[in-house]
Structure formats: structure tokens, C-alpha cells
Amino acid sequence: MKSSFKLLVILSLVVFTSETVSAQRRHGFTGASLSLAEAYRDYWFTGVSVNQWQVAADPTGTNEYDVTGFVSNDQTKDWPLITGNFNWVVAENCMKCEVIHPKEGVYDFTLADQFVNKAKAAGMKVLGHALIWHSQCAPWFHYDENGNLVSPEVLKKRMREHIFTIMSHFKGRVDAWDVVNEAFEDDGSPRQSLFYQILGTDYIPLAFQYAHEADPSAELYYNDFSMNKPTKVEGVVRFFRPLIQQGLTVHAIGMQGHIILEDNVDNQVIKQYEHSIATIASLGIPTAFTELDLSVLPNPYGFSGANISDNFAYRPEMDPYKNGLTRDHEAKIDAFWVDFYQMLLRHHRDIQRVSYWCLNDANSWRNDFPIKGRSDYATLFDRQNQRKPFVDKLIKLVQ
């Protein structure tokens, strides 16, 4: 009996090891090269944003929506890295209003369908981004034929039709949606967007109501930047608490996480995010880090946030790493990510997903924001698509 039992255990281990190695090879990692997604699969999902040229090459080079990520018209070589290292994806731009709904009654699902179909064929979860957002919103959305702001009733109708049409088109293929994006200022007060000017804060719960009616099976999120700041996260939570208590369907709160290394003095930013996770958890729903990156460049004028309309003039002293990082900076980056993940692990029960914005340093939006033309090092992969050494340190935290 003992010999038979030992043989059974050995055979089971052989089968398990063989299946595991085969699965790892299918997804592009083996042995010590486990991906973050695989290493942290028992803690949270791991995601990344995808630009349109990673999905399909654009040989004409005529696409006008090259807001971020434009390195070349063909970045499809990145796709195996995306499927091999992440289990959630979100489109950087092709599902935003100006692209997908450029004119009233006119929808263009071309790029979004390419992205969603390719992601689902690879077995990945898809986040739709974003249904209602003041930025990159088609110019017609808030105005009538005379150039005046529309009435509250007209805007409600347009919002509902916009949300229902898009969500119905992707029903069963898109797993979750950023329903409302960036609706609050850093002090926790409502952003004075055109949505707010016409409807007040009512547009926020209305958007979630319409989204839940359009696809009851989809998860629905609120998403914002600067959510490490106590005034902002507390303002967001204060707004959503009574709505959730009254039954509004909100499945998670997203924190973008566009972090600047020099701001993290004495781990201040990490401590702030720890506070934010606990604050959101008090709503009874999890948080997600939705757009993580880490800028190592000087921060002009103490700038913070991710408002894409904010820009500063290029100055060489603001771009000190054209030829690469110093070893000291690489060590600081390593230390930051290890400290950050140790904090996340302490709160993993309240974290649904950890997603990064842009795959590699070459196509990161950080190179052009808020100063165009700089060289930043904000992502998990370098400009040659080589995974950075600190990723292995993060994996070792849970091995």
C-alpha cells in the first residue's frame, strides 16, 4: 500500500508539473519567468492598457486618434507579451466617445471591435473605458444645432442612448466598464464639467443606472486620478456612500495611480494609497488600481494629476535621462515597487485588480505628459520590451 501510494503521489506530481509547465509555455513564461498575473492570481487580477497599433497594424498611418502610444504604425509584436503577462486589458483610446461616437447617431466600432475580438480570442477579460468622461468627449455631445448647451432632458436622453448603444453592442464580450471617469477635483468637490453644468451631480448616478439597465451582467466602476490624496478619495466616498446604500450598482472604485517618484518622500504616496484603499473598503466594495505607472522625471511646478489638457514647455533640465537611468535611480525604482506591493499585499482582500497604463517605456504616455518629447521609464518593460528586473523581486514576494 505504501509503495502504491508513493507511486500515485509521484505520478500526480508529474502530471501537475507537466500541465503547469505547458500552460506557462503557452502564455510565454517558464520557471523563474512567471508573469505578475500568474504569480498574483490568488490575490488580484493583473491588467494593462492596449493601444490600437498593438492590436492591428495601420499601414496607412492616417489614424487621427494617436493621443498616446504612437511609436510606429505596427506594434503588433507586443501582443504576445500582453497575453503572456496579463489577464485583463483595457483600450487606451479606441472606446472613448470622440472615437466610437464622433457624431450624433453615428457610431464607429471598427477599432474597438478589433481590440475586443482579439482580446477575447486570447481568453482575456476586457474593461471598457470610458462611457461618460468630460475629456475626449465628442464636441456635439453637449450642444444643440445653435451652439447652445442642451437642456437637462436632452442630455439625459443622449447619455442613455450612448450608453445603451455601446454596451448592447459589446454585451457578452466586455466584462466591465468605467462608467464615469474623473468627475471630481482634487479637493473632493465635483468637477465643473459640461455634464455637471447641465445636470449637476445627477449625471453620475444616472450613468450607472443606465449602464446597469443596459447590461445587468457587466461590472460597473467609477475611475479617477489623484486618488492617493485624502481630500479626493474621501470626497468620492462621501458622494457614493448614500447612493450605494440606496441600491445604486457600483462594483468597485478605480484609482488610476499615475505616480511621480520624487513625490514619494518617506513613502508618503504609498501611505496615502494605503489610506485610500481602507477608505474605499468602508463602502463595502473593492478598489482597483487602474492605470499604474511611475514617472522618474522631474515634476514641473509640483504638478499632479492626469488632466491631459495640462502641458508645460520643454526644457532640457526637465529631461535628464535621454541616455538612460543612473543606477541610483534604478535602485530607487526597485525599492518603490517592492514597498508598494508589500503594502498591496497587506490589503489584498480589498483589491480587485492591479492594472498598468502602457506596456513599455517606448509607448508610455509619460514621455509626452505633461511635457512633450521627454524620455521616461514608467512601465514594467523597457524600450526593447525586456521585462525590468524589479518585476522578479515582486514575484518573489509571493513565491
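Residues are numbered from 1 along each chain as its sequence is written, and side-chain values use heavy atoms, with hydrogens and water left out. Because the model is predicted, local features need pLDDT of at least 70 and side-chain atom pairs count only at pLDDT 80 or more, while totals for chains, interfaces and linings use all residues.

Begin with strand β5, residues 219-224. Helices (H or I, at least four residues) and strands (E, at least two) are DSSP runs, numbered from the N terminus. Five of the six residues of β5 are buried, where buried means under 20% relative accessible area, exposed over 50%, and partly exposed in between (1.4 Å probe, protein chains only). Strand β5 pairs with β4 (residues 176-181) in the parallel sense over five bridges; two strands pair if DSSP finds at least two bridges between them. In this pairing Asn181 stands opposite Asn223. Strand β6 (residues 252-255) also runs parallel to β5, joined by four bridges, and Tyr221 stands opposite Ala252 there. Together with helix α10 (residues 230-245), β5 and β6 make a right-handed β-α-β unit: with the strands pointing away from the viewer, the path from the first strand over the helix to the second runs clockwise.

Next come the salt bridges, each a side-chain nitrogen of Lys or Arg within 4 Å of a carboxyl oxygen of Asp or Glu. The whole structure has 21 of them. One joins Lys229 and Asp186 at 3.0 Å, N to O. Lys229 lies in the loop between β5 and α10 and Asp186 in the loop between β4 and α8 (194-199), so the pair ties together parts 43 residues apart in sequence. Lys229 is partly exposed at 24% relative accessibility, and Asp186 is partly exposed at 22%.

Helix α12 (residues 327-346) has 20 residues and reaches 29 Å from its first C-alpha to its last, close to the 28 Å expected at 1.5 Å a residue; the expected span is 1.5 Å times one less than the number of residues. Its buried residues include His329, Asp334, Trp337 and Leu345. Among the elements that cover them are β8 (287-295) and α13 (389-396).

Asp334 also forms a salt bridge with Lys393, the closest N and O atoms being 3.0 Å apart. Asp334 lies in α12 and Lys393 in α13, so this pair ties together parts 59 residues apart in sequence. Asp334 counts as buried at 16% relative accessibility, whereas Lys393 is partly exposed at 40%.

How values were computed:
Contact means heavy atoms within 4.5 Å.
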